[in-house]
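The sequence and structure come first, followed by notes grouped by topic.

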Amino acid sequence: MLLGVHHAAIICADYHRSKYFYTEILGLTIIAENYRAERDSYKLDLALPDGSQIELFSFPQSPPRPSYPEAQGLRHLAFKVENIEQVVAHLTTFDIEVEPIRVDEFTGKKFTFFNDPDNLPLELYQI
C-alpha cells in the first residue's frame, strides 16, 4: 500500500527567512516556488537527495506551533545524514544551536536535535 513519505508540509512565520534556512543552510533544492495572491501565501516545493520533499508554506496570521511542552500530533521531522558531526559543525557556523549528539539506545545510531526559524524541532539521524 504505502510506498514511502512523499513530503512533509511546514507553515512558516517569515517566508524569506525560512526559505534561506531550508535552501542555503540545509541545502534543499527548489523544485517550484509559487505565490498565491488570493491567499497572500507562498508555496515552496523543496527536494531532498532521496526524492522526498518539503512543502514550505506561508500564511498570514498563522498561530505559532506549541513545541514546549510538546503537544500531541507530529513530533518532529528527522533528516538522515552520513556524518552527523560534519552536519552539526556546518549548522553551528550559522549560529544554530544544536543539542549534544546522543546514541539511540535501541539502534546504536547517533542523533541530535535543532530547531528551524519557527522553533519546529528537526532531528539529524546518522545512517
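S41 is found in strand β3, residues 41-47, where strands (E, at least two residues) and helices (H or I, at least four) are DSSP runs numbered from the N terminus. This is a predicted model, in which local features need pLDDT of at least 70 and side-chain atom pairs count only at pLDDT 80 or more, while totals for chains, interfaces and linings use all residues. Residues are numbered from 1 along each chain as its sequence is written, and side-chain values use heavy atoms, with hydrogens and water left out.

**S41**
- S41 counts as buried because its relative accessibility is 0%; buried means under 20% relative accessible area, exposed over 50%, and partly exposed in between, with a 1.4 Å probe and protein chains only.
- The side chain of S41 makes a polar contact with the backbone oxygen of S58 at 2.6 Å (a pair of N or O atoms within 3.5 Å; within protein, one must be able to donate a hydrogen and the other to accept it, and residues adjacent in sequence count only if both atoms are side-chain atoms).
- Leaving aside residues up to four places away in sequence, S41 touches N34, Y35, R36, S58 and F59, contact being heavy atoms within 4.5 Å.

**The four-stranded sheet**
- An open sheet of mixed pairing is formed by four strands in the order β1-β4-β3-β2; two strands pair if DSSP finds at least two bridges between them.
- β1 (7-12) and β2 (29-36) stand at the edges with a single partner strand each, so one side of each has no neighbour in the sheet.
- On average, neighbouring strands of this sheet are turned by 15° against each other, direction ignored; axes are lines fitted to C-alpha atoms, for helices over the stretch in contact, and angles run from 0 to 180 degrees between N-to-C directions.
- β3 and β4 (residues 53-58) run antiparallel and are joined by five bridges.
- D45 stands opposite E55 in β4.

- Strands β6 (residues 102-103) and β7 (residues 110-115) run antiparallel, with two bridges between them; V103 has K110 in β7 as its bridge partner.
- The hairpin of β6 and β7 has six residues between the strands, and G108 there takes a positive phi near 75°.
- β7 is also joined to β8 (residues 121-126), antiparallel, by five bridges, and T112 has L124 in β8 as its bridge partner.
- Five residues lie between the strands in the hairpin of β7 and β8, where N119 has a positive phi near 65°.

**I127**
- I127 lies in the segment after β8 and counts as exposed because its relative accessibility is 56%.
- K80, V81 and K109 are touched by I127, not counting residues up to four places away in sequence.

**Pocket and cavity**
- The largest pocket has a volume of about 1200 Å³. On a 1 Å grid over the protein atoms alone, a pocket is an open set of points with protein on both sides within 12 Å along at least five of seven lines, a cavity is a set where a 1.4 Å probe fits but cannot get out, and lining residues have an atom within 4 Å of a point. Grid points are joined across faces, edges and corners, and a volume is the space filled by probe spheres set on the points.
- The largest pocket is lined by 44 residues, with I10, I54, L77, A78 and F79 nearest its centre.
- β1 gives the most to this lining, with six residues.
- The structure holds one cavity of 30 Å³ or more, and about 40 Å³ of space lies in the largest cavity.
- R65, P66, S67, E70, A71, R75 and P121 line the largest cavity.
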